[in-house]
Amino acid sequence: MKRALKTAVLAAMAIALISSTATQAQTTLTMWSRQGDALPALVEAFNARRGTQVDLQLVPGDQMVQKYATAAAGGSAPDIIGLDLIYTPAFAAAGQLDDITSFAQSLPYFDQLSKAHVEAGSLDGKIFGLPLLAEGSVLIWNKDLFRQAGLDPEKGPTNWAEIEAAAAAVDALGGAINGFYFAGACGGCNAFTFLPLVWASGGDIFADGGAKVTLDTPQMHDAINFYRDLAKKGYVPESAETDSGSTWLSSFASGNIGISQSGAFAIGVLNKDYPELDYGITFLPGKDGGRSSFGGGDNFAISAGHGDKLEATTEFVNFLYSLEGQTIMASHGSLPTRADVAAEALKDQDPRYAIAAEAMSIGRTPSTPVYNDLINSPTGPWAQMLTEAFFGDDPDGAIAYAQETMQGIVDDFGR
């Protein structure tokens, strides 16, 4: 009887020990990210593995920056954050993100990760963000309108002259049809789709790690004049001048626009909501050829002071960048961020995603802690310059004024 009681007690102790060890071994990571389908699907699959768990909270995109800044200042930030990559340097400069340089460079596939995301996630030579969600800007054309205009519907433009010629041919169809479209009053949209025209032509808007503004260049003047000419010749509908981005994609989806620009997100939207629209995707070209793209999306970062969960974070990161993780993300509209598994992750998706993924892989992202003040703000110098330069009477003056104003904002931040 005593032996049986002893055995039962020992068994109970063993079960308690095992339970305690399991509880200690399982870590829960708190995470915030912008709303969307890809990350929740990834987290659901990760949590089903019964190891480290991720408690994901989705935050509306227009609320994320303020919400995270408030939480970080008050000591209640999540362990990890999915942050629009353009804001990574600002939060890093504010001391609200952990330096993850050693962690990032220790990943065996580090050199395969999206360079645009890594560069945008870096500040002063240190890495604070790695790619999470990915977007790439592309040129998009209506194949039906190309056919009607006598153009090859399977061949997208490869330089500015070809864009203008195709836009002219489509516009000549008349009626409500226009050859070209862009959201003229949207600074962020035009950073995403207009800047690649400058990059592909050999220009840039920053130098010296973002310390020097290089807006007033021949390449910028050429790109501005290209858009001005398209608008002056009537190939662009008048509604484009006041479009803040709200009708950017829907204007193309109407079936009355020959050529526009967008991102990989458009593929899912058009396939779902406009299944009858026959469209093509190609690269955003430079004046005389070449190609470029804006590498957009979100970076993965660790909140300052939360590096104590690095082992659990590593487990999640390895799943994110695995073929399984990348395939899950791709199946929900986010482009792969790891180059060596991208083709396999996309093999069952619409082939147009592969073009967008290739565009993203050569994409660039301006990196500056004052990106919002310079580019995204509707009252910032970039947006104000574009409105005047595209549609006003003094494009050269608009560029020169924006150059001076942007440099002043950069200099003030550095003081």
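Start at arginine 50, which sits in the loop between helix 2 (38-47) and strand 2 (53-59); helices (H or I, at least four residues) and strands (E, at least two) are DSSP runs, numbered from the N terminus. Keep in mind that this is a predicted model, where local features need pLDDT of at least 70, side-chain atom pairs count only at pLDDT 80 or more, and totals for chains, interfaces and linings use all residues. Residues are numbered from 1 along each chain as its sequence is written, and side-chain values use heavy atoms, with hydrogens and water left out.

Arginine 50 has a phi near 70°, a positive value in a residue other than glycine. Its relative accessibility is 70%, so arginine 50 counts as exposed (over 50% relative accessible area; buried is under 20%, partly exposed in between, with a 1.4 Å probe and protein chains only).

Now hop to aspartate 124, in the loop between strand 4 (122-123) and strand 5 (126-127). Here phi is near 55°, again positive in a residue other than glycine. Aspartate 124 counts as exposed because its relative accessibility is 72%.

Zooming out, the chain's secondary structure comes to 20 helices and 14 strands. Its C-alpha atoms fill a box of roughly 100 × 55 × 30 Å along the principal axes. Of the 415 residues, 52% count as buried. As for contacts (heavy atoms within 4.5 Å), take those with a separation of 6 or more: residues 24 or more positions apart account for 75% of them.
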